[in-house]
Amino acid sequence: MELLAVENLRVYYQTLRGDVKAVDGVTFSMSPGEIMGLAGESGCGKSTLGRSLVLLKPPMKYVGGKVLLKGTPLPIWDKKTMASFRFSEVSLIPQYALSALNPTRKVKKLLTDILWSKGIKFSQIFPELRRRMELVELPLEVLNMYPFELSGGMKQRMVMVLSTLLNPSLLIADEVTSALDVSTQKAVARMLVEFRDRKFVGAIIVITHDISLLYQIADSIFVMYAGKLMERGSTEDLIQRPKHPYTQLLVASLPRIGARYAQEKLQGIPGCPPSLLEPPQGCRFRTRCPRTWEKCLEEPPLVTTKDGDLTWQVACWLAVDKHA
Ligand SMILES: Nc1ncnc2c1ncn2[C@@H]1O[C@H](COP(=O)(O)OP(=O)(O)O)[C@@H](O)[C@H]1O
Ligand code: SF4
Ligand SMILES: [Mg+2]
């Protein structure tokens with residue numbers, strides 16, 4: 001059975017100037033044990049999609065769609081019910097989690113607050129906590145420290161241990177390596193894989209603007225642009241043989257994949273993503289796509305191809321014509 005199934009999900013921000021259509025009809029699914037990378041330029045709706053599966057709160061509003069976790073509907077619009085799923089079933093490491101840690105509370109207090117909301121005693125969970133802290137090479141003294149006393153890497157490891165302590169089915173890790181130096185980034189990326197291998201988490205969505213990180217750890221990649229799914233496929237296929245013009249440009253702008261210390265300068269994609277208050281009609285990538293033609297004024301359908309267990313999805317008229 002699929003671990004996660006998301007169907008036509010729409011989540012907007014309510015603002016005085018109108019609705020910001022940050023997640024606008026997104027459909028995908030994940031298998032148990034899968035690490036899925038969620039990639040795309042800044043402002044494309046990645047964090048909104050991740051947050052909406054765990055903690056949807058104003059000015060975000062649920063507009064439509066379904067989310068199933070292990071076959072059970074997840075009432076993401078219902079804050080109260082979702083509180084009972086948080087940490088135990090779905091867990092989020094938010095973007096900027098490191099600076100968001102309450103600086104006036106020791107790490108142990110942060111943890112006991114989470115446990116209290118779940119009716120779990122610290123002593124009950126302590127043996128497992130100790131085991132996991134050892135695994136990520138954090139000394140127990142960290143529990144009696146304030147967040148500001150920890151280095152960025154230690155904080156990120158502690159946040160990862162805390163957010164997965166109750167073995168959630170789904171972990172969403174939003175830009176968890178972005179604020180770290182290169183060697184710490186690698187260690188945190190390895191930890192994500194290790195947590196999955198040890199079944200501390202059922203599956204992981206790794207949100208990042210850095211596709212080369214995903215090349216190392218993700219089983220599949222989901223490319224998002226302007227609130228929509230552009231392409232989804234296995235990591236290898238998507239990076240070696242991208243089919244969507246947006247993915248092609250993203251991949252082309254990477255330093256040579258595999259090169260450890262690339263000297264080549266990154267070439268971004270010309271232009272920037274559109275405002276999501278009034279996104280372009282038809283294909284949302286139309287205003288920057290080098291291959292656009294009049295057909296693209298209509299919204300391209302999502303073409304889905306199955307190859308064994310692998311599903312490849314692409315939203316581009318070029319792909320439709322090929323399969324016609
Ligand atoms: N609180 C908010 N109110 C209004 N618009 C927002 C808010 N947060 C994010 N947005 C908008 O929603 C869109 C998606 O943002 P986000 O999900 O943070 O993108 P990403 O994580 O891909 O950088 C952007 O256009 C952003 O400006
Ligand atoms: S549908 Fe058209 S505009 Fe959109 S990515 Fe494909 S070719 Fe480009
Ligand atoms: Mg973000």
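**Notes on the predicted model**

1. Strand β4, which spans residues 60–69, is the element in which K61 is found, and the structure considered here is a predicted model. K61 counts as partly exposed because 15 other C-beta atoms lie within 10 Å, a number that falls between the limit of 12 or fewer for exposed and that of 20 or more for buried. Leaving aside neighbours within four places in sequence, K61 is in contact with Y12 and Q14. The C-alpha atoms of K61 and V11 are separated by 5.6 Å, although these two residues are 50 residues apart along the chain.

2. On the overall architecture, the protein has eleven helices and twelve strands. The radius of gyration is 20 Å, and this agrees with the compact globule expectation, because a globule of 324 residues would have a value near 20 Å. Taken along the principal axes, the C-alpha atoms fill a box of roughly 65 × 45 × 45 Å. Buried residues account for 40% of the 324 residues, and, among contacts between residues at least 6 apart in sequence, 63% join residues at least 24 apart.

3. Eight strands make up an open sheet with mixed pairing, and their order is β6-β7-β8-β3-β9-β10-β12-β11. The edges are formed by β6 (90–93) and β11 (303–307), each of which pairs on one side only, and from one strand to the next the twist averages 20°.

4. The pairing on the two sides of β8 can be followed through one residue, I207. Strand β3 (residues 35–39) runs parallel to β8 and is joined to it by four bridges, with I207 as the bridge partner of L38. Strand β7 (residues 170–174) also pairs with β8 in the parallel sense, over five bridges, and here I207 is the bridge partner of D174.

5. Further along the sheet, β9 and β10 run antiparallel and are joined by six bridges, one pair of bridge partners being Y225 and K228, the latter in β10. Helix α10 lies across β9 and β10 and runs at about 110° to β9. In α10 (residues 245–252), the residues P245, Y246, T247, L250 and V251 are buried, and what covers them includes α8 (211–217), β9 (220–225), β10 (228–234) and α9 (235–240).

6. Ligand 2 is surrounded by 13 residues, the closest being C283, C289, T292, C296 and C316, and its shell has nine nonpolar, two polar and two charged residues.

7. Some backbone details deserve a look. P58 and P59 are joined by a cis peptide bond with omega of about 5°, and P59 is found in the loop between α1 and β4. F87, which is not a glycine, has a positive phi of about 70° and lies in the loop between α2 (79–85) and β6. E137, likewise a residue other than glycine, has a positive phi near 60°, and its place is in the loop between α5 (122–135) and α6 (152–164).

8. Are F87 and E137 buried or exposed? F87 is buried, because 22 other C-beta atoms lie within 10 Å, whereas E137 counts as exposed because it has 11 C-beta neighbours inside 10 Å.

Notes. Residues are numbered from 1 along each chain as its sequence is written. Chains are lettered from A and ligands numbered from 1 in the order in which they are written. This is a predicted model: local features need pLDDT of at least 70, side-chain atom pairs count only at pLDDT 80 or more; totals for chains, interfaces and linings use all residues. A residue is near a molecule or strand if its C-beta atom, placed from the backbone, lies within 6 Å of it. Ala, Val, Leu, Ile, Met, Phe, Trp, Tyr, Cys and Pro count as nonpolar, Asp, Glu, Lys and Arg as charged, and the others, Gly among them, as polar. Two residues are in contact if their C-beta atoms, placed from the backbone, lie within 7 Å. Two strands pair if DSSP finds at least two bridges between them. Axes are lines fitted to C-alpha atoms, for helices over the stretch in contact, and angles run from 0 to 180 degrees between N-to-C directions. The radius of gyration is taken over C-alpha atoms; the globule rule is 2.2 Å times the number of residues to the power 0.38.
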